[in-house]
Amino acid sequence: MNSFIYDIPTKVYFGEGQLGNLGAELKRFGRRVLLTYGGGSIKRIGLYDKVMEELRSADLEVYELSGIEPNPRIDSVREGVRMCKEHSIDVLLAVGGGSTIDATKFMAAGACVDHDAWEFFGANAKPIERALPIVTILTLSATGSEMDSGGVISNIETGDKLGRMAPAMQPKVSFLDPTLTYSVSRYQTACGAADIMSHIIEVYFNMNKDLYMLDCVMEGLMKSVVRFAPVAVREPENYEARANLMWCSSWAINGFINGGKRKAWSCHPMEHELSAKYDITHGLGLAILTPRWMRYCLDETNVERYVSFGVNVFGIDKDMAPMAIAEEAIVRMERWLFEELGLQRTFTEVGIKREDFEHMAAKACRYGDIRGFKTLTPNDVVRIFEMCE
Ligand code: NZQ
Ligand code: ZN
């Protein structure tokens, strides 16, 4: 069994009516706050006014950076770094989904160095040793950025979308109020659920029989997402459904379920090339890829993992033949994604073209073959892309 370090130092305020603690939490880090948010949803749902009221009554000095785009761009990060330096910011407050939180993480790190923030990415990435403290208010259940140390940034000039993790960027405090996600569209709710599910699948399918307990936790998380995502899509203001999705999003990727697993993820590097090239929603790309990747990887040597998944997550009859259970599990997954959640099922439907497959596959394997559940070469990635057409 692999040894590991468990350290998830994000303080979480979960549930309604907790924003009254915002001012006191921010003040622990200083007086000058950079408030970051996206394209305006926080104003439409009345959250912006509430946040500003809290900040004002705590006598904090607030600077604002809005317009952080989905699949956030390095230019937004650069602007945030500039503002942090110009105003000697003490703490950053990200209000929004994963894009806003991710961009804010690299602003916080960029504020502590002299080089350009894009140098945090790529093969010769500069270290991230320090970052200004980050507090988040989550408005969309999906990425888990509210409770992890990673982020993903796009660079339009180079055509890259690259991820990076560093403990210094872990949010210090996150406010998770499920009612703030009532306004999330059906489409974004479905994409978010597909993302949460993928974060768990990426770990679950990297076979590790050492910690049975973690397998059970992952199956419980996946069962909850499978059960509550369609409810949230049908009934956007169902608190139980929104709350389950929100807490699953954090625990899917905050490091707990990993145990000592060190294998690479598979669908994420492939998907990041889709959203880099076509600017599609991350969760949609994962929804299209995941069942095809599962089908591509399935063989006699690994069928057991699919059996556990099918039986324990989708309730398939355990007395069926293993291969039949595995195939049924993939079909159930597709039905959940494309029928119950209503997501598009093919590259063709979202405009992803065959002419880009080879280039995207080469970039997905930029650091070598993807050594995950099953090792994938660029050629394997192209074949999985073809299955998505
Ligand atoms: O920009 P605004 O106006 O806020 O609108 C957003 C955006 O258009 C909207 N939205 C958010 N909360 C809302 C809302 N609309 C109505 N009501 C609300 N309460 O939803 C749209 C999508 O938001 P975005 O933040 O882009 O979505 P998500 O949370 O899915 O983040 C996606 C980004 O995170 C990265 C993805 O690659 C992508 O760039 N990821 C980050 C990870 C991490 N930090 O660990 C891991 C993930 O695997 C992922 O790669
Ligand atoms: Zn993801």
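Buried means under 20% relative accessible area, exposed over 50%, and partly exposed in between, with a 1.4 Å probe and protein chains only. By that cut-off His282 is buried, at a relative accessible area of 14%. This is a predicted model, in which local features need pLDDT of at least 70, side-chain atom pairs count only at pLDDT 80 or more, and totals for chains, interfaces and linings use all residues. Residues are numbered from 1 along each chain as its sequence is written, chains are lettered from A and ligands numbered from 1 in written order, and side-chain values use heavy atoms, with hydrogens and water left out.

**Zinc site**

- Asp195 (OD), His199 (NE2), His268 (NE2) and His282 (NE2) coordinate the zinc ion (ligand 2), at 2.0 to 2.1 Å.
- Donors here are N, O and S atoms within 2.8 Å of the metal (3.2 Å for Na, K and Ca); water is not among the atoms, so sites may look incomplete.
- The donor spacing in sequence reads D-x3-H-x68-H-x13-H.
- His268 sits in helix 9 (residues 267-278) and His282 in helix 10 (residues 282-297), so the pair ties together parts 14 residues apart in sequence.
- Helices (H or I, at least four residues) and strands (E, at least two) are DSSP runs, numbered from the N terminus.

**His268**

- His268 is buried, with a relative accessible area of 7%.
- Leaving aside neighbours within four places in sequence, His268 is in contact (heavy atoms within 4.5 Å) with Asp195, Ser198, His199, Glu202, His282 and Leu286.

**Leu132**

- The loop between helix 5 (98-110) and strand 5 (134-138) holds Leu132.
- Leu132 counts as buried, at 17% relative accessibility.
- Beyond four places in sequence, contacts of Leu132 include Cys84, Ile89, Asp90 and Leu92.
- From C-alpha to C-alpha, Leu132 and Arg82 are 13 Å apart in space, and they are 50 residues apart in sequence.

**Second largest pocket**

- A pocket is an open set of points on a 1 Å grid over the protein atoms alone, where a 1.4 Å probe fits, with protein on both sides within 12 Å along at least five of seven lines; lining residues have an atom within 4 Å of a point.
- The second largest pocket has 17 lining residues, with Leu47, Lys50, Asp177, Thr179 and Leu180 nearest its centre.
- Helix 3 (47-57) and strand 8 (173-176) each give at least two residues to this lining.
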